[in-house]
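The sequence and the coordinates are displayed below for reference.

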Amino acid sequence: MATLGRKEKGQPSRGSRIAIAIFIGVLLGCVCALLYPRGFFSSDRPASNLRIAKSNLKIGSSSCESAERIKMLKSDIIALSEKNSELKKQARELNQKLQLAEQGKDNAQKQVLVLGKQQKAGPFGTVKSLRTNPTVVPDPSVNPRLGKLLEEIAVGKELIVALANSNVKSMLEVWFTSIKKVGIPNYLVIALDDHIVDFCKSNEVPVYKRDPDEGIDTVARTGGNHAVSGLKFRILREFLQLGYSVLLSDIDIVYLQNPFDHLYRDSDVESMTDGHNNMTAYGFNDVFDEPAMGWARYAHTMRIWVYNSGFFYLRPTIPAIELLDRVANRLSRQPNSWDQAVFNEELFFPSHPGYEGLHAAKRTMDFYMFMNSKVLFKTVRKDANLKKLKPVIVHVNYHPDKLPRMKAVVEFYVNGKQDALDAFPDGSDW
């Protein structure tokens, strides 16, 4: 019994073994902690893999949506770019308008400064505004060939100019014959085809044919009266730029006196009228009646019959050139418009919102001296006193049977045949 309770010599005690075991466990724990900081069975890796899988799934499922989104973004970019361009255009237009407004500011004062020093207003009843605009500085480079010709033909830097094609050959002969009879040296025919060039040269009539112009030449060769009439507003510009005053004449006119002896030359435009008496030729107050307005039923209007665009005198001034430009521009954009209507609208319509009127001085010619055919056949030939009056010209503008009436005018005024006008009706037969 005593031997069982006795400790063998050299064997460790039980407490020592426990201490060693604990030491070894702690040591192993430290080693594992260093080698496996997240533990043997970390749950992070599966979670990370799950997130990656989900992300790949989202990318795959939204690829179509991304393509649509890209298209929408591109469309938005294009729309914004177009909008930006439009805004830039509007900004440029506004800037141009602003510049024009600045240029037009105090325009009247600037004109006074150009034309002369500023003046004080005089006593009551003595003040008169400027009547005559200054002429432009001649520009020979515009058309040297025409300029050389005008130096030979013009008298006092002015001349009569007429346009003609083969359609009006017979009337043209009556026209230049009457001019030669009066002894007018400064006149020129602008030939619109080669046949008229030859015809004028054979009759010793000054003639000029423009350089080829496809747009103009087509109308010139084949156009009717109105089409050819519209060309003059483009062609006359060069004459004014060269510094010459022009008396534009249609072909259906008989000359009985030298018109240059009867011009005032105090305006940009001096024109014959389609009016037939003092009221219609020079203007009148026409009362418009509207009974529904009661007390204000009567409205006063100012009226004047139109200027005739077949016979007018232009001085070489900026307003006169602007008039030609305006009319030519409108006729090019509105080819079916009547040139005489456009001519008068541009000349008379005042400035108003959205429109800047033409600032041109104008004078109406004496309708008995520069006579239209309505005045002649409706009034003058029936009045014994008026029949004794010799007009400067007679323009057969109111009647389609132009050639026989032109010949009758020559018979009556030149050859003295008193009944030469009697066979014709006041108006036309249709």
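Two strands are said to pair if DSSP finds at least two bridges between them. In this predicted model, N372 and H395, the latter in β12, are bridge partners.

**The three-stranded sheet**

The strands β5, β12 and β11 form, in that order, an open sheet with mixed pairing. Because β5 (253–255) and β11 (370–372) each have a single partner strand, they stand at the edges, and one side of each is left without a neighbour in the sheet. From one strand to the next, the twist averages 15°. The parallel pairing of β11 with β12 (residues 393–395) extends over three bridges. Helix α13 (residues 402–413) lies across β5, β11 and β12, and runs at about 20° to β5.

One of the residues involved is L247, whose bridge partner in β9 is Y313.

| Strand pair | Sense | Bridges | Bridge partners |
|---|---|---|---|
| β11 and β12 | parallel | three bridges | N372 and H395 |

**Helix α6**

Which residues of α6 (residues 194–202) are buried? They are I196, V197, F199 and C200. Viewed down the helix axis, the buried residues of α6 fall within an arc of 165°, and therefore line one face of the helix. The face turned away from this buried side carries D194, D198, K201 and S202, which are exposed.

The packing partners of the buried residues of α6 are β1 (158–164), α5 (169–182), β2 (187–191) and β3 (207–208).

At the start of the helix, a side-chain oxygen of D193 comes to within 3.2 Å of the backbone nitrogen of H195. After the helix comes E204, which has a positive phi, near 55°.

Technical notes: Residues numbered from 1 in each chain as written. Predicted model: local features only at pLDDT ≥ 70, side-chain atom pairs only at ≥ 80, totals over all residues. Heavy atoms only, no water. Buried < 20%, exposed > 50% of the residue type's maximum accessible area, 1.4 Å probe, protein only. Helix = DSSP H or I, 4+ residues; strand = E, 2+ residues; numbered from the N terminus. Arc of directions from axis to C-beta. Contact = heavy atoms within 4.5 Å. Polar contact = N/O pair within 3.5 Å; in protein donor to acceptor, adjacent residues only side chain to side chain. Axes fitted to C-alpha atoms, helices over the stretch in contact; angles between N-to-C directions.
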